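Walk through this model with me.

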Amino acid sequence: MSTLMEDRLAAALRARAEQVRPEDLRPVDVPVLSLEAGRTRAARRRRTAVLAGLAAAACTAAVAAPLLLTDAGSEQTPAPAGPTEPLPTSSTERPLGAAAADVDGDGVEDAATVVRRDGTLVIQVDLASGDRAEAPVRAGVPGALLTAGDVGGGPGVELVVPVSDRAYDLPLVYTWLAGEGLVAATWPDAGLEGWRPGVPVNRWTVLQDGLRTWEAESVEGDGRFPYWDWSLDDRGRLRPGPVQLGCAAPEDAPAPCPDKGDDGKGGPDVGPRGDLPALLPALEERWMTDPFRFDEEPGGRDHVELQGPLPEQGAAVAAGQRELVVTRDGVEYRAPLAAGQAPFLVPQLLAVDGDEPVFLLERFGGDTSLLEMFVLRDAELVPVETSGEVFLGSGVVDHEGEMTEQRTWVTVHGQVFTAVLLDHPSRRHRLWRWDLGPTLVPTDLGVACIDWEREDYGRCP
Amino acid sequence: MTGDVMLVPGGGAAVDGLDDAVALYSAHRLALVRLAVLLVDDLQSAEDVVQDAFTGFLGRTRALEDPDRALAYLRTSVVNGARSALRRRRTARAYVPPHEVEPEGPSGRAELNEEHREVLAAMDRLPARQREVLVLRYWSELSEAEIAEVLGISRGTVKSTASRGLDALERIMTTTEVSR
């Protein structure tokens, strides 16, 4: 890190910031919530209203704060002159969505609506206690649906507002916090387990007892999909539970699969899952030659691709003819690839531990495939050496004196496993998970029964 | 009472705690707008972001009990709002037909000297999180702990993100200077 770079950065930021002078800011426009005889009027709730240099003592008008807790039913509140109307009212306010739910957890249902006031969306909850609570819906949300679901661990029910028509945009969730009222819950930073922003296979749905996100990746066999159930902590932060595998049609939220019965497909029982990690579903075989974006942000700049002249169909590539190219944080990293069959890029960010992104290539030769792993280390894109008793790939192998099948696969969660078939009728396999340290090491997970055709696995009966 | 609005006849109203909110906001508004400009590079968008942050802030009346926490909340809202604004901008630009000319960059930077323009252009190439950490550190001059609170991340992540961001900036600047 260069002190000079820090100085240059600080100077540039200071210069740009100081271009904004106080006189450049919009003029003061104070929204007024006032009462006049016979009616209430909410005036000038413009989003552009600002306050600047306004002495507190001179502030005689109420700012139309989005969260107003008007104690309309309280005897201690001075009664407004003349008949009142529900606050606020304006010609631009019309209810768009509505839900009946016990928002504040007092055991009595409240009435929640989404209203549009002069171009701004507001969630409005008329509590059973007679109070009203409101919270703004952030700019850019087009509208109008409102759903209730019990996401949090508290007594109240949450309100959920979709932000777009896209199924993979996370919704807004509003919850009731003791002492604070109705607040917008916060999602975790992008990149945490359970959600990949902007990825079209992501879905979310509100259930009666929670919020569920899942991946609608098409899966062969009986259609298992990873899903996460979310909950709220006492600070209004949404947290995912552990990943689970469920059964559903691709466009419906998955749920725990029914008990395995005789599904007519035959095959032995694979036993209980026990301590096994999620071995399946495996990543669909979609090896790519196009750039694969792995940035945590939708439309982000980080991507990985293969570059270099392609060989003739079936021909081998010379050493260095093809390169793995990773662009991260605006910087390009290159690694020449070894000679051999033309490699393919596995379009999945791997979760094999370590802090840096890991990339996987696969080469095919007849019944055999070989995987190569690359990692960005110390600003270099380097191949990862493997060590241990198995090789990183698939094919026919000699296992303890017997020729048998070995399979290596990547799951939709980015984990890499290798299994060697021990016994065909029982589907018993010896299983390893690949973990990244200084080298890539296969961790022995013991024996498991894996039925590839039925996409099922367990610790064997 | 915690921020209740008392409605009085005649059109005026006084809010318990609101005066403090207004005073706090007035004192920091310029700095918050400048922070937003450094993130979204557009004054109008920056003012919208800051206004939204203040609007949401007014609802969090308990934040008024601690001015430092209130300011951190405002900064967090501004950073999150800036990120949302940039996302909307990217979405909108994604639908621009190829034959349309990309709009010119903000005129504000045109008045800066070349060195500053190049540094800011290099900042544009960083991921949002790195930009945010670097702006909070080298303009807002927040400590690692304060940055961690604003962004809701660990201090270790602040440190590593800042380090990666500076390294990336240096590489980009070096590449820019070599190519001249």
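In chain B, residues 24 or more positions apart account for 61% of the contacts with a separation of 6 or more. Contact here means heavy atoms within 4.5 Å. This is a predicted model, in which local features need pLDDT of at least 70, side-chain atom pairs count only at pLDDT 80 or more, and totals for chains, interfaces and linings use all residues. Residues are numbered from 1 along each chain as its sequence is written, chains are lettered from A and ligands numbered from 1 in the order in which they are written, and side-chain values use heavy atoms, with hydrogens and water left out.

Chain B has eight helices and two strands. These are DSSP runs, numbered from the N terminus: helices are H or I with at least four residues, strands E with at least two. Along the sequence the pattern reads β-β-α-α-α-α-α-α-α-α. Of the 180 residues in chain B, 51% are buried. Buried means under 20% relative accessible area, exposed over 50%, and partly exposed in between (1.4 Å probe, protein chains only).

Now confidence. pLDDT is the predictor's confidence in each residue, from 0 to 100. Its mean over chain B is 74, and 71% of the residues there reach 70 or more. Over residues 1-16 of chain B pLDDT stays under 50, yet the model has 33 contacts beyond four places in sequence for them. Residues 92-107 of chain B also stay under 50, with two such contacts. The model scores ipTM 0.83 and pTM 0.37.

Next, the core. A nonpolar core is a set of buried Ala, Val, Leu, Ile, Met, Phe, Trp, Tyr and Cys residues joined through side-chain atoms within 4.5 Å. The largest has 72 residues, and Leu9(A), Leu13(A), Leu324(A), Leu381(A) and Leu134(B) have the most contacts inside it. Helix α1 (residues 18-40) of chain B gives the most to this core, with eleven residues. Leaving aside neighbours within four places in sequence, Leu134(B) touches Leu9(A) and Leu13(A), and its contacts in chain B include Trp139(B) and Leu166(B).

Chain A holds an open sheet. Its four strands lie in the order β7-β8-β9-β10, with antiparallel pairing. Two strands pair if DSSP finds at least two bridges between them. β7 (147-149) and β10 (181-184) of chain A are the edge strands, each pairing on one side only. Four bridges join β9 (residues 172-177) of chain A to β10(A). Thr175(A) stands opposite Val183(A) in β10(A).
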